[in-house]
Amino acid sequence: MSNLDDLYREIILDHYRTPRNRGALDSPPAVRVEGFNPLCGDELVLYLVVDNGVVTDIKMTGHGCSISQASSSLMSVAVKGKNLDEVETVMERFKEMMTLKERSLDENGEAAPLDLRNLGEIAALAGVVKFPVRIKCATLAWKTLAEAVAEAEAEAT
Amino acid sequence: MARGERMTSFNARAVRADTPMMKRDVNGRPLTYLDSASSSLPPRAVIEAMSRYYELHHANVHRGVYTTANEATEIFEGARVAVADFIHAPGGADEVVFTHGTTESFNLLAKSWGAANLREGDVVLVSEMEHHANIVPWFQLREINGIEVRFIPVDDDYRLDLTDIDRLMEGVRLLSVTGMSNVLGTINPLGELAALAHRRGALFAVDGAQSIAHLPTDVAALDIDFLAFSAHKMLGPTGLGVFWTRREILADMPPFLGGGGMILDVRTDGYTPAGGPTRFEAGTPAIAETAGLSAAIRYLGGLGMDNVAAHEHELTIDALERLEKEFSGRVRVIGPADATSRGGVLSLDVEGVHPHDVAQILDQYGVCVRPGHHCAKPLMRRFGLAATARASFGPYSLTSDTDVLIEALGEAVSLFG
């Protein structure tokens, strides 16, 4: 079952079993954004505090499959304490990782190796791209984060 | 199996041999299809009937005078007769309306019969175990004419809770419930419910989407007033459904969708609708699909619906026992533990493993199950679930399918530890 091992990496299972940054924050001051995957029923509420251009706190509640839960947990760890420029970069890198069609496939149908350096634990989600129907599970937290960042920026101006 | 030939006893292996898709592999394993509650796999006879239609008889129906147009019309109208016979429609083929599926049939019921007959304060009583197709059209009608939509609760044994039914029935003009739950497998007591409705002067509608494929259906014996079902759940093609009601009710129902085919006359000052089922069949219908449905009905008739029901009952008893034995509580079946009045739908809740992950792992074993809320969100809320992974049987299912299901579930349980 090597395919399954690509998807269910130990890091993913760990973040699913023990999600980081679970919970709620007072809003305000936190920005509160909801995310849904209506087809699979995944639900996410994201709380984000941006102070002087830095993500000082992030928490989430909700439910979903291991991929969606692990992805949101990994995302929260990756952005907490980072400034918004760094957050933008991580979001871009993640998006690139989830986009198979823009990468060339070799003769075995495998995607060309992606530069996973500096992605940290988020790189564990790279295998999701081989399971197209699960990509939306992985991206939910990141789309919600993008909305929350936009809202926080709008409030700051 | 040759046309007209009857099987002497039920042989699920023969049904499987008749089903072309059963021959394929998925992820290096033979297909283990356990999603018949979503859609069933058609036998070769159904596929060939549709191919034959397109190769020999294709033309629009009710329009041309040429030979193939007549043949197409005969195929189309012949399916109406086949459906009427299959469900024992007392008024015959004139009571059978073709739709695009169960969902459209319920929209026809709500937006034609409901809009014409229900007034503000009238109650439509459904149940907590209904598919959204038997809920949303009533909420939509409520927005138009202020009806009340009321729900029969489901008890902790996953059956309709009828203890308070007298109070629930107050003001009810239509009782509308499923013949068999697509999530729980619960088979509802349709005869009893029909009597209950009629005693209070209400009409009785049945969502037959599941029950049509797994149980004998006799609208006359059950004394039901409306029946909705889809061809693709009964070994037929997608895109075709049936709305049935008694002739006298149909005669008074206003048209639903407007357009070609459903009219007697159109002038610059208005139109006159056609009579009979045609009034509800605007536009070119799914014609090849009716050829497929006729073949599916012939095929199921050859198997015998009593035999299908008995076979799936055996599979269900076996699967319930083995799931309990193998996983002792780590895999919970959301549905009646007792196989009596219960169909072959096994909604699984695997402890610590999300249904999407269950379905993903099972797919690696070639096992097709459906994760999600199964278009029954009120029911899922009732039991505090966001989703389940649902395995469901069809006439081609074998106990060996349950073997593979259990093997793959074992992997899911161990992977997530």
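This is a predicted model: local features need pLDDT of at least 70, side-chain atom pairs count only at pLDDT 80 or more; totals for chains, interfaces and linings use all residues.
**View 1. Where chain B meets chain A.** Here we zoom in on the contact, to which chain A brings 18 residues and chain B brings 15 residues. Putting the two chains together buries about 1500 Å², and carbon and sulfur atoms supply 57% of that area. Eight residue pairs are in polar contact across the interface, both partners being at pLDDT 80 or more. On the chain B side, the elements giving two or more residues are helix 13 (355-363) and helix 15 (399-416). Helix 13 of chain B gives the most, with four residues. Sorted by class, this side of chain B has seven polar, six nonpolar and two charged residues.

**View 2. The salt bridge between the chains.** Chain B and chain A share one salt bridge. The partners are B:D357 and A:R134, with their closest N and O atoms 2.7 Å apart.

View 3. Three rings come together here: A:Y8, A:Y16 and B:F416 form one aromatic cluster.

**View 4. Two phenylalanines in chain B.** The whole structure has nine aromatic pairs over all chains. One of them is B:F76 with B:F98; the ring centres are 5.3 Å apart and the planes sit at 55°, so this pair counts as tilted. B:F76 belongs to helix 3 (residues 67-86) and B:F98 to strand 4 (residues 96-99), so the pair ties together parts of chain B that are 22 residues apart in sequence. Both B:F76 and B:F98 are buried.

**View 5. A loop-to-loop ring pair.** B:Y158 and B:F383 make another tilted pair, with ring centres 4.7 Å apart and planes at 40°. Look for B:Y158 in the loop between strand 6 (148-152) and helix 6 (165-168), and for B:F383 in the loop between helix 14 (377-382) and strand 17 (388-392). The pair ties together parts of chain B that are 225 residues apart in sequence. B:Y158 is buried at 12% relative accessibility, and B:F383 is buried too, at 18%.

View 6. Over all chains, the structure holds 25 salt bridges. In one of them, the side chains of B:E281 and B:R80 meet at 2.8 Å, N to O. B:R80 sits in helix 3, while B:E281 sits in the loop between strand 12 (270-273) and helix 11 (287-303), so the pair ties together parts that are 201 residues apart in sequence. Both residues, B:E281 and B:R80, are buried. Shared partners extend the picture, with salt bridges joining B:E77, B:R80 and B:E281 into one network.

**View 7. Two further salt bridges in chain B.** B:E128 pairs with B:R382 in a salt bridge, the closest N and O atoms being 3.8 Å apart. This pair links distant parts of the chain, 254 residues apart: B:E128 is in the loop between strand 5 (123-127) and helix 5 (136-145), and B:R382 is in helix 14. B:R382 is partly exposed, at 27% relative accessibility. The other salt bridge joins B:R267 to B:D265, with the closest N and O atoms 3.2 Å apart. Both ends are partly exposed: B:R267 has a relative accessibility of 37%, and B:D265 has 34%.

**View 8. Chain A on its own.** Chain A has five helices and three strands, running along the sequence as α-α-β-β-β-α-α-α. Of its 157 residues, 48% are buried. Among contacts in chain A with a separation of 6 or more, 64% come from residues 24 or more positions apart.

Terms used. Residues are numbered from 1 along each chain as its sequence is written. Chains are lettered from A and ligands numbered from 1 in the order in which they are written. Side-chain values use heavy atoms; hydrogens and water are left out. Contact means heavy atoms within 4.5 Å. Buried area is the accessible area (1.4 Å probe) that two parts lose on being put together, summed over both. A salt bridge is a side-chain nitrogen of Lys or Arg within 4 Å of a carboxyl oxygen of Asp or Glu. A polar contact is a pair of N or O atoms within 3.5 Å; within protein, one must be able to donate a hydrogen and the other to accept it, and residues adjacent in sequence count only if both atoms are side-chain atoms. Ala, Val, Leu, Ile, Met, Phe, Trp, Tyr, Cys and Pro count as nonpolar, Asp, Glu, Lys and Arg as charged, and the others, Gly among them, as polar. Rings of Phe, Tyr and Trp (its six-membered ring) pair if their centres lie within 6.5 Å; planes under 30 degrees apart count as stacked, over 60 as edge-to-face and the rest as tilted. Buried means under 20% relative accessible area, exposed over 50%, partly exposed in between (1.4 Å probe, protein chains only).
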